[in-house]
Amino acid sequence: MKRFLFTTSALALIMTSTTQAANVAVIATPPTLLDTLVLGLAVFATVTSMKVFDLVRGGLLSKSWQFFAGGFAALALAQLLRILNAMEVFSLPSFVVPAVVMIMIGLFIMGVIQTRKTLG
């Protein structure tokens with residue numbers, strides 16, 4: 001219940017206005033098509049990195065693969081938000097997608113630092 005309340009309040013904070021109907025035709029435009037391709041690759045990379053994390057669980061590289069999986073999940077979330085915003089499902093402030101991308105970059109950097117610390 002707490003998770004539901006937190007999610008709903010977070011969504012209420014970031015949504016600025018309501019929209020009436022989704023613009024499904026925007027999927028066929030080249031930028032959104034590329035965003036959809038990147039979303040598919042990010043989901044594939046998230047699943048693959050979670051499989052690798054399961055293989056190295058308890059090992060020295062498990063923490064870095066957690067960071068990589070989180071980074072790919074953040075990339076998938078950013079692409080999904082970008083596509084939904086382009087389809088006008090809901091309206092987002094302009095800082096939301098770049099903020100999620102910055103979180104993704106931070107997670108990737110933390111994964112590289114952790115890998116370098118482990119292997120170095």
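Is Phe72 buried, partly exposed or exposed? At 24% relative accessibility, Phe72 counts as partly exposed (buried means under 20% relative accessible area, exposed over 50%, partly exposed in between, with a 1.4 Å probe and protein chains only). The model is predicted, so local features need pLDDT of at least 70 and side-chain atom pairs count only at pLDDT 80 or more, while totals for chains, interfaces and linings use all residues. Residues are numbered from 1 along each chain as its sequence is written, and side-chain values use heavy atoms, leaving out hydrogens and water.

**Helix H3**
- Helices are DSSP runs (H or I, at least four residues), numbered from the N terminus.
- Just after H3, Glu88 adopts a positive phi of about 60°.

**Aromatic pairs**
- The whole structure holds three aromatic pairs (rings of Phe, Tyr and Trp, its six-membered ring, with centres within 6.5 Å; planes under 30 degrees apart are stacked, over 60 edge-to-face, the rest tilted).
- Phe68 and Phe108 have ring centres 6.3 Å apart and planes at 40°, so this pair is tilted.
- This pair links Phe68 in helix H3 with Phe108 in helix H4, 40 residues apart.
- Phe68 counts as buried at 16% relative accessibility, and Phe108 as partly exposed at 22%.
- Phe72 and Phe108 form an edge-to-face pair, 5.0 Å centre to centre with 75° between the planes.
- Ring pairs join Trp65, Phe68, Phe72 and Phe108 into a cluster.

Methods:
Helices (H or I, at least four residues) and strands (E, at least two) are DSSP runs, numbered from the N terminus.
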